[in-house]
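Biologist: I would like to learn how to read a few features in a structure. Please take them one at a time.

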Amino acid sequence: MSSTPTAGETSIAEATPVSLCSREPHVPADRLVAEMVPPPRFDSVRFATYLPDPDQPSQTEAVQVLETFAAGLGGAHAVGGGKRGFFGFGRAKAPKAAPGPRGVYLDGGYGVGKTHLLASLWHATPAEPVLKAFGTFVELTNLVGALGFQQTVKTLSGHRLLCIDEFELDDPGDTVLVSTLLGKLVDAGVALAATSNTLPGKLGEGRFAAADFLREIQGLSAHFRPLRIDGEDYRHRGLPEAPAPFSDEQVTKAAYATEGASLDDFPHLLEHLSRVHPSRYGALTDGVRAVCLTDVRPVPDQSTALRLVVLADRLYDREVPVLASGLPFDRLFSEEMLKGGYRKKYFRAISRLTALARDAKGLTEAP
């Protein structure tokens, strides 16, 4: 009798989970530029799919303001500009910016839909995709590291819009670097949009505090209109509690039963992340449909914790569920970390990993 699987079946070899620890991806610079688009989780979002909380009028106002902002970014360069080369040569120069604010800053707390709105702005802007860029603050600094400052300016200066998600003020050097870059892009006529998160110490205000953002970007503040968005974290609004961690046996069984799953020991994965540049964490998860982790435990130090935050962001962007054994994700970071300078990143990671854990619950129910 033949051992070849019939249609609809999966062979044992095909079902064997991959190990993220065995991957060492190398990402060319041109891929970093090409991937500056809204992540898969936000491919289909639009202003019409954003559901404002009726108790938070600032959410409805934000949609209206951003729709008007997007409409104002049209023009010959946006709709008729030819394709540009990788390094920004061979296309028309962007027109000089009109007087008045050339950017918007979405000022709000965790989970109020800022990234949804930012991606909707990208989609609504009347320009070819190659003339719009979308990325996180970290991805933008990684791009500068890969191309160099001057080449990054040339590459992005022909764009109509640059969207920066999760603008971070933790590192003064990076803040100055990005502020200088944005100044060059504004001079070239590029419109800007940015988001950031509430600092846990200001959770009572329900916002990041636009004053902090505008102060840190210094001379750029006149180019941004702060747009406050109030509300509670939608990821936990009316949803069940995050599932408790599973056993090692349950996680391993699910990994072997789920096509495209990865299976790794959590401490070993953290060690592996130290050998892979964070700009490659997206490539690290290429083709992975579920991440299964055993022996989740508190991260040992801040450098490891920050690498884990980046991985959590990439998994969330790609909607990759995470099934885990060990400790629950809200115990990953120490109290000292959650009170320190990088606390907003850790709270974001907890929120996103919890959402992905909820998405993964059904994996244990596979036959």
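Biologist: How many bridges join strand S3 to strand S4?

Modeller: Two strands pair if DSSP finds at least two bridges between them. Strands (E, at least two residues) and helices (H or I, at least four) are DSSP runs, numbered from the N terminus. Here four bridges join S3 (residues 161–165) to S4 (residues 191–196), and the two run parallel. Leu162 has Leu192 in S4 as its bridge partner. This is a predicted model: local features need pLDDT of at least 70, side-chain atom pairs count only at pLDDT 80 or more, and totals for chains, interfaces and linings use all residues. Residues are numbered from 1 along each chain as its sequence is written, and side-chain values use heavy atoms, leaving out hydrogens and water.

Biologist: What is the order of the five strands in the open sheet?

Modeller: The order is S2-S3-S4-S1-S5, with parallel pairing. Strands S2 (132–136) and S5 (224–229) stand at the edges with a single partner strand each, so one side of each lacks a neighbour in the sheet.

Biologist: Which aromatic pair is stacked?

Modeller: Rings of Phe, Tyr and Trp (its six-membered ring) pair if their centres lie within 6.5 Å; planes under 30 degrees apart count as stacked, over 60 as edge-to-face and the rest as tilted. Phe333 and Tyr346 are stacked, at 4.6 Å centre to centre with 20° between the planes. Phe333 lies in the loop between S8 (322–326) and helix H14 (335–339) and Tyr346 in helix H15 (residues 343–360), so the pair ties together parts 13 residues apart in sequence.

Biologist: Are Phe333 and Tyr346 buried or exposed?

Modeller: Both are buried (under 20% relative accessible area; exposed is over 50%, partly exposed in between, with a 1.4 Å probe and protein chains only).
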